Amino acid sequence: MVRKIYNTYLTAIVATIGGALFGFDISSMSAIIGTQQYIDYFNNPSSDLQGGITASMAAGSFLGSIISGLLCDRFGRKTSIQYSCLLWVVGSIICCAAQNVPMLIVGRIFNGLCVGCTSSQVPVYLAELAKHEIRGKVIGIQQWSIEWGILILYFIGYGCSFINSTASFRIPWGIQIVPALFLFLVLPLFPESPRWLASKERWDECHEILAHVHASGNREDPVVLAELMEIRHIVDLESSLNSSYLTLLSKTNYKRTIVGIMTQVWQQLAGGNVMMYYVVYVFEMAGLSGNVNLIASSVQYVVLLVFTLPVLFYIDHTGRRLLLLSGSVGMAAFIFAVGGLLARYGEPAASVGGNSNIHITLENNYGASRAVLVCSYMFTMVYALTWAPTAWVYAPEVFPLYLRSKGMALAAAGNWAMNFALAYYVPPAMNNIGWKTFIIFGVFCCAMFVHMFFMFPETARKTLEEIDDLFAPGALPAWRTKPGSTRLEDEALELEAGEKATFEQLDKPK
C-alpha cells in the first residue's frame, strides 16, 4: 500500500495544478490571437468568431462544473479531479492537431469540461481538508496556481511566436498536456476529503485523515476529536435531507446559494479575467504593437502573480469582507480611469496594428498611452490583492456539507457562464462601443460593493460547521460579522479536561 502524503500545503500545491490548467487556457489564447501565424491560418477570425473561439472553453467549463457536483458526491472529490485530467489531455490533442476553427472549438470544449471540474471541486477538496485557521491561505493557492499557468504558457507562446509556421501555436497547445498527466499520476498519493468520507459513513478513514492533518497522526488529540464530533453532528443532521440541485434554492439555503454564486459572478463582472484574455487588445488601443505589446502584456501577468502571493499570508487575518470590499473600490477607480483616458485622448482608427476589432488608438499621445498602461497594471494589482484569490476561497465556505460540491459546482458554473458571455462579448464590444466597454465594468465594480456590504458575512477563521450558523435564522447582519472563532477551541479544552464525551463514547452513527 502506497504511503499517503498528508502535508496540507503540498496537497494544495499539487491539487491546484488543476487551477494552472485554467491559467494555461487564458494564455493559450491571449499569447496567440495577436500573432500573424494564428491570424493567417484561421483566416483572420472576425470579432464574433474570435469571441466564439475564446468562449468555447467557458461553455465546456459551465457544463463541466454542473456535472462535477454529481460526480464528486458519488465518487469523491479527489477521484473526480483526477479523472477529469483525461478530458484535458483529449482536448489539448485536438487543439494541437486543429485543422480549422470547428476542430479548435471542439478541443477547447473538452479542455473546458476538465477546467469546470477542477475549478469548482479543487476549492471544495481543499476547504474540507485544511485546518480552519489556514483555510484561506490553502485555497488561495488555487489562484496563485492559475497565475503561474498564465505566465508559464504566455512566455512559451511568446517564444514560439518567432517560429514562422503553425508550430508557433501547436507547440503551446501540445505542452498543456504535461501538467494534466502529472496531476493524474500523482494525486492518488494524497488523502481524500475527510468530510466526504464522513458523509459516506467511513468514519475510521475520516478520523485517520483528521489526525494526520491536525496532530501528526495522534487520533486522541482534543482538536481532532472536537472537529470529528462537529462533523458527525452535521452529518447526523443532514443525513436525511435532500441533496439535489433544487435544494440549493430552498427557503433554508437560497441566501447562501445567492452569496456563493454571486461571489463567482462578480469576480468575472469586475473585469479581471477580461483584462487577462484581451490584454493584447487593451495595449493595442494604447498604441503598442508587435513584440512590444506582447512584452508589455507579460508584465500584466507578472504583476498578477507577484501581488497574489502576499494575500496568502494575510487573508485569514484580515478576513474576506475587507478584501472584497476594498478591491471593489480600487478596481472601479482604475478601470474607470482606463475608459476615461481612451475617451478623452483616443483617436478613431479603421484598425489598429492590423486588428480590425480595434477602432481607437493613443498611438500619437505618449502620456495618455503610458497612463493606460499604468492604470491597467494598477487594476491588475488591486485585483490580485483582493478578488482574484478571495472569491475562490469564499465561495466553497458558504455551503453546507451535504450540498457543498453541488453548491460550488453551481457557483463555478455562474463564473463560467459569465466568462463565456464576456469572452464572447468583449471583442464585439470593443469593435462597436470602444472605451465605453471599460465604463460598464466600472459600474459592475460599484454594484458589487453594495451587494457585498449588505449580504456577505465574514467567514475567516471559522470552521465550516460554524459558518452554517451565519446563515441560520436570527444570525447577525453581514456587516456586523467579524473574523475569528472560539467554539472548536472551547470544545477541545472541554475534551482535554474530560468534561465532554469523546467520539468513541458516543453512539456510532447509523
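## Helix 21 and Ala-417

Helices here are DSSP runs of H or I, at least four residues long, numbered from the N terminus. In this predicted model, helix 21 spans residues 404–432 and contains Ala-417.

Ala-417 has a relative accessible area of 27%. Buried means under 20% and exposed means over 50%, so Ala-417 counts as partly exposed. In sequence, Ala-417 lies 362 residues from Ala-55, while their C-alpha atoms are 9.4 Å apart in space.

## Nonpolar core

The largest nonpolar core comprises 141 residues. Those with the most contacts inside this core are Tyr-38, Trp-173, Met-331, Trp-387 and Phe-438.

With neighbours within four places in sequence left aside, Trp-387 is in contact with Thr-263, Trp-266, Gln-267, Leu-324, Gly-327, Ser-328, Met-331, Val-382, Met-448 and Met-452.

## Packing of helix 18 on helix 20

Two packed helices are described by the angle between their axes and the distance between the axes. For helix 18 (residues 320–345) and helix 20 (residues 387–397), the angle is about 140° and the axes are 10 Å apart. Angles over 145 degrees count as roughly antiparallel; this pair is therefore oblique. The crossing of helix 18 past helix 20 is left-handed.

On the helix 18 side, the contact is made by Arg-320, Leu-323, Leu-324, Gly-327, Ser-328 and Met-331. Helix 20 contributes Trp-387, Thr-390, Ala-391, Val-393, Tyr-394 and Glu-397. By class, the residues of this contact are 7 nonpolar, 3 polar and 2 charged. Met-331 and Trp-387 take part in this contact and are also among the residues with the most contacts inside the largest nonpolar core.

Definitions and conventions. Residues numbered from 1 in each chain as written. Predicted model: local features only at pLDDT ≥ 70, side-chain atom pairs only at ≥ 80, totals over all residues. Heavy atoms only, no water. Core = buried A, V, L, I, M, F, W, Y, C linked by side-chain atoms within 4.5 Å. Buried < 20%, exposed > 50% of the residue type's maximum accessible area, 1.4 Å probe, protein only. Contact = heavy atoms within 4.5 Å. Axes fitted to C-alpha atoms, helices over the stretch in contact; angles between N-to-C directions. Helix = DSSP H or I, 4+ residues; strand = E, 2+ residues; numbered from the N terminus. Parallel < 35°, antiparallel > 145°, perpendicular 65-115°, else oblique. Left-handed = near helix turned anticlockwise from the far one by under 90°. Nonpolar A, V, L, I, M, F, W, Y, C, P; charged D, E, K, R; others polar.
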